[in-house]
Structure formats: structure tokens, C-alpha cells
Protein chains: 2
Amino acid sequence: MSTATPTRPGSRETGRVVGRRERKKQETRTALSEAAVRLSLEHGVENVTVEQISDAADVSLRTFFNYFSSKEEAVVEGDAARGETLLDLLRDRPAGESVLTALRHAVLEHVDDMAGDDRMDALRLLRRSPTLLPHQLAAYAARERELGVAIAERLGESIPDDGSVGLRPALLAAATMAGVRVAMQRWTDGGSRDRDRLRAGLNEVFDELGAFGS
Amino acid sequence: MSTATPTRPGSRETGRVVGRRERKKQETRTALSEAAVRLSLEHGVENVTVEQISDAADVSLRTFFNYFSSKEEAVVEGDAARGETLLDLLRDRPAGESVLTALRHAVLEHVDDMAGDDRMDALRLLRRSPTLLPHQLAAYAARERELGVAIAERLGESIPDDGSVGLRPALLAAATMAGVRVAMQRWTDGGSRDRDRLRAGLNEVFDELGAFGS
DNA sequence: GCGCAAAGTTGCACGTCGTGCATGAACGAG
DNA sequence: CTCGTTCATGCACGACGTGCAACTTTGCGC
């Protein structure tokens, strides 16, 4: 999973000609991830073995470890893809908006995007597993890094190759992710699985973030 | 280390009488944790087995798992104790200060407290281990919860038994921990292991946190 | 002191985890 | 077609983590 996949085969720059091989690889990856989530929801994360997951995805146990280094990693995999769409939403916000406002709207749109299906329910259940918590947080941290870069770009910062950003973008990213995490936590703890309630919670969070100084 | 309590065997309530038994237990716990840290620094976290740790602490391998459920948990154990002192420092801040100011000073004092010895160096090295990252974040999350409660108390909130707090304390705690994490990250990434530079970074962080709205 | 119950330690067994290595098949390019 | 690369797979092996059943230590009442 390195930065730049060459994608040499016959393609100019679009990088869209992936070939059957690479596509199959991606299919296997998502198949494993989805099987991991499904089985974990069904039997509880603790009671699912890697062998069951790889069987469900119709690959060998050894192959599983060629894609993920642990069961938990496979379960959390979905978050990475979701993170990408958040970044896209942020980039699409008008340049006139303040960073915090752009972040607020991007997050809210992001919630709308994925709230339709049952992924939210999946998140709610998985979040309760103590074994999963560390990896969940690690996934958050990874998204936080990407978000920091996106914010730095929005602020007109130049990004060095190592991906390090200034203090302000890093802090904004960290605070935003922390806020989202808090809002999610409070939403899942409450009984209501109403999406509007989550939106309201997120709005509160961003209101508070903007008023820390006072 | 921080066995600061006089352990008077007949002082107050029944819960405070420690006895030889419980003390021995605590000694074993810290012995395991310190051995884990020391060996990890020496050979790298990946190359240390639980058996080596338990041998170094002079207990059986099975006993190790009676205290910690994994090697990483033992390594991160020290953070929990450190978290306690931060809470104490926060409670000692004068009531007149704003929450954010109190947090700033508590964190700065906390850094001074532990910066003398080589624990900071230990943190710097351990933070680079990818296996350890998730557990490190989980430890941060645990401290964040406690900090949220302390902040809620400072704000005069009543805390229900389940430890849940209002949005503002939760958010303040999350943002503070995120800020500390960012400052630490940038400090360890930079070459200088000067403590004053860490203090400066933390001050910047709190300045930024207070200015999110603008 | 004595003995007993609770708590702690240890060894053992067992299933799972995660990785290195070798082999063979599928693929893509020339 | 042929060759080199990439990937899937089986196998072996050490480490991990836990349930269970001893055995030992500690605390406490008698």
C-alpha cells in the first residue's frame, strides 16, 4: 500500500487501466473486510476466527494475512475508504468559507452520504468491542493525518514530501476528529438512532470548538 | 516511584488499608511494566517476548497474563500513573482561572514533573513502534475520559455514576489530549530533545485552541 | 498458635495468531 | 510462446492468550 502505484500497463496518466489482476486484488480485499464485519456483527468480534473470515471470503487463511495483519485491521478497513470521501467533500467546499465552517459542512455532508445504509448500525455495534477500540483509534489517527494535509492545502501551505504539516492544520485536524469521535460516542450511547440527532450533536460540537476562547 | 501514599495500616476507611498482599501485587505490576519498557527500549518492542519480560520481573509467564492481557498493555501502563498526576495538578489550579488556562498550566507543570528523568526519551522511542501505536492511543483515550470527569467537576457539573459528562467537558478533554498528542508528536519529530521547546510547543497549542473561532 | 477461606502463583494443555519459506498457478509484456 | 513478476496456498514453527487444576501465600477469626 505504498504511495504511488505505477500502473504501467498501456495507460498514459489516468491510471484507470488496472487490469484484471489488480482488480481481483481489490475485490479480495473488500470481500475479506466485509466478511470480517458481517461475521463480527453476527457472532461478536471475539468469537470470530481469521479462518472463518477467510473461508467466508473464499481464500486461504494464509492469504488473509497477505492483506491484513490482524482480524481487527480487516474490520476497520472500511473506515479508510470513508475517510477518502470526507477529504473530497472538504476540497469541494467553497474557498470563501473559514476552515472550521468548511469542516463542519464537510462532516455533515459526509454523515448524510453514508447514513442511508446500515453502515452506521455496524459502527455502533463494533464500537463497543474493547479488542477493537485500539485499532479503531488507530484508524482515526490515520484519517487525522490525511485531514491535516487537506487542511494545510486549503490554508495554502506547501506540503513537504514527508507529509508533515504546520501546527495549525495539525491541530484543526486533531480537534475535528476528536469532535467527531465525541459526537459519535454520545450518539451511540444515547438510545436514538436518529440521524438528525447525530447532525445536531455535530453542530453542537463545532459550535463549541469555535467558542473555546470564550 | 509514585508510591506517595504513606500506607498507614490503620488510617481511614476500610478501602485504604493496603496490607502486604496488595502492596506486593502493585510491586509486581510495576516490575512487569518497567521490565517491559526497559527490554523494549533495548531490543525493540517487536523483538521482546512476554516470557523475557516475565523472567526479568521474576514471575512466571502465566502470571504476566494475570496482570496484563498483552505485552503492549504492560508497556503503556506507565501512562496511566502519569495521567493521575495530571488530574491532581488540574484540581490544584485556582478556581478563578478559565478551564483552558487551568489546563494549560496543569499540562505544563506535568511536563516539568516528569521531564527530569529519562521517561521522555522512553516515550520518544516507543512512540515510533507501529505495533504499539493503537495501544498508546487507547491509553490516551482512557486518560481523556478521566480528564473529562475532572473538567466537568471543575465546571460544577454533577457526575452520574456511569461517568458520563456533558458535551463541553468531553470536548475540552478531547481537544486537550489531542493538542498534547500533536505537541508531543512534533516535539519527537524534531531533532531537539530540549524540554523548553516542548513547553513552547504546548503553549502554541493552547494559544491556537483558544483562537479556533477567529 | 491453629486452621481455614480467600487470593495469588504456577504449570499444563490447547486453540489461535502471525510470519518465513517454498511451490505452483495466473497474469502481463515482448 | 516464453519469460519474469505477482499472487495464492500449504506447511512449519514460535509466540500469544486463556481455561483449568493444582499448590502456596496471606489475612483473619478462633
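1. For the classes used below, Ala, Val, Leu, Ile, Met, Phe, Trp, Tyr, Cys and Pro count as nonpolar, Asp, Glu, Lys and Arg as charged, and the others, Gly among them, as polar. The model under review is predicted. By these classes, the surface near DNA strand D has eight charged, eight polar and three nonpolar residues.

2. Both protein chains contribute to that surface. From chain A, α1 (19-43) and α3 (61-67) each supply at least two residues, as do α1 (19-43), α2 (50-56) and α3 (61-67) of chain B. Among the 19 residues around DNA strand D, those that come nearest are V59(A), S60(A), T63(A), G19(B) and R20(B).

3. An unreviewed UniProt entry lists residues 49-68 of chain A as "DNA-binding region". Over residues 49-68 of chain A, the chain is 70% helix and 0% strand, with the end C-alpha atoms 14 Å apart.

4. The contact between the protein chains takes 28 residues from chain A and 28 residues from chain B. On the side of chain A that touches chain B, α7 (133-154), α8 (167-189) and α9 (195-210) each supply at least two residues. The largest share, 12 residues, comes from α8(A). By class, this side of chain A has 17 nonpolar, five polar and six charged residues.

5. The same surface serves both copies, as 100% of the contact residues of chain A recur in chain B.

How values were computed: Residues are numbered from 1 along each chain as its sequence is written. Chains are lettered from A and ligands numbered from 1 in the order in which they are written. This is a predicted model: local features need pLDDT of at least 70, side-chain atom pairs count only at pLDDT 80 or more; totals for chains, interfaces and linings use all residues. Two residues are in contact if their C-beta atoms, placed from the backbone, lie within 7 Å. Helices (H or I, at least four residues) and strands (E, at least two) are DSSP runs, numbered from the N terminus. UniProt positions are given in the numbering used here, feature names are shortened, and annotations may be inferred rather than shown by experiment. A residue is near a molecule or strand if its C-beta atom, placed from the backbone, lies within 6 Å of it.
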